[in-house]
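Please look over the sequence and the coordinates shown below before reading on.

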Amino acid sequence: DVQFRGGRGQRAACLYNGGAITLRRVGITRCTDSPPSGLGGGFSNSGTAILESVTITRGQARLGCGGGIYNTGTITATNLFVMRNRARLGFGGGLCNSLGTFECTNCLFARNQSNQLTGGIRNDGVVRLWNTVIADNFV
């Protein structure tokens with residue numbers, strides 16, 4: 001039951017995980033990365049993360065990938081909502097999965113935006129989705 005709001009940072013504006021983390025009933029909103037890195041507006045993960053009932057909205061990666069989430073580690077998610085995030089000059093407005101593993105059950109990726117190629121999900125690793133909606137994302 002935590003809210004992260006309005007953060008700014010070079011690697012994940014609101015939350016960066018390089019170890020192991022479990023997030024339950026967490027909101028991450030209006031987080032913007034700071035140049036030069038631009039990796040993950042809301043949440044950046046290079047470790048192991050379990051996300052349960054997490055909402056990531058209005059995150060922004062200004063120079064890189066993953067307006068909502070940038071992942072190079074392992075994420076297991078249930079009831080994850082990733083909405084209205086933006087990768088301004090990179091890929092994956094909602095999620096940029098860069099050589100990581102991302103598994104998601106009961107998830108929504110909606111109204112995310114990227115200026116290059118993929119508005120919703122950019123994947124260069126392993127993504128497994130069950131009972132998931134990907135809608136109204138745009139470039």
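What is the accessible surface of the chain, and what part of it belongs to carbon and sulfur atoms? The accessible surface comes to about 6100 Å², and 47% of this area belongs to carbon and sulfur atoms, where areas are taken from the Shrake-Rupley method with a 1.4 Å probe and, for residues, only the protein chains shown count as cover.

The model is a predicted one, in which local features need pLDDT of at least 70 and side-chain atom pairs count only at pLDDT 80 or more, while totals for chains, interfaces and linings use all residues. Residues are numbered from 1 along each chain as its sequence is written, and side-chain values use heavy atoms, with hydrogens and water left out.

In secondary structure, the chain holds 0 helices and 18 strands, these being DSSP runs numbered from the N terminus, with helices (H or I) of at least four residues and strands (E) of at least two. Along its principal axes, the C-alpha trace spans about 30 × 25 × 25 Å. Of the 139 residues in the chain, 49% are buried, where buried means under 20% relative accessible area, exposed means over 50%, and partly exposed lies in between (1.4 Å probe, protein chains only). Among the contacts (heavy atoms within 4.5 Å) with a separation of 6 or more, 79% are between residues 24 or more positions apart.

Turning to the cysteines, a disulfide is a covalent bond between the sulfur atoms of two cysteines. With a disulfide taken as a pair of cysteine sulfur atoms within 2.5 Å, a search of the whole structure finds 2 disulfides. One of them is formed by C14 and C31, whose sulfur atoms are 1.7 Å apart; the torsion about this S-S bond is about -70°, so the disulfide is left-handed. This pair links distant parts of the chain, with C14 in the loop between strand 2 (8-9) and strand 3 (15-17) and C31, 17 residues away, in the loop between strand 4 (20-29) and strand 5 (32-33). Both C14 and C31 are buried.

The disulfide of C104 and C107 has an S to S distance of 1.8 Å and is left-handed too, with -105° about the S-S bond; C104 and C107 are likewise buried. When the bonded cysteines are numbered in sequence order, the pairing reads 1-2, 3-4.

C65 is buried at a relative accessible area of 15%, and C96 is buried at 3%.

Two residues other than glycine have a positive phi. For R84 phi is near 60°, and this residue is found in the loop between strand 10 (74-83) and strand 11 (86-87), where R84 is partly exposed with a relative accessible area of 44%. For D136, also not a glycine, phi is about 55°; D136 is found in the segment after strand 18 (133-135) and counts as exposed because its relative accessibility is 54%.
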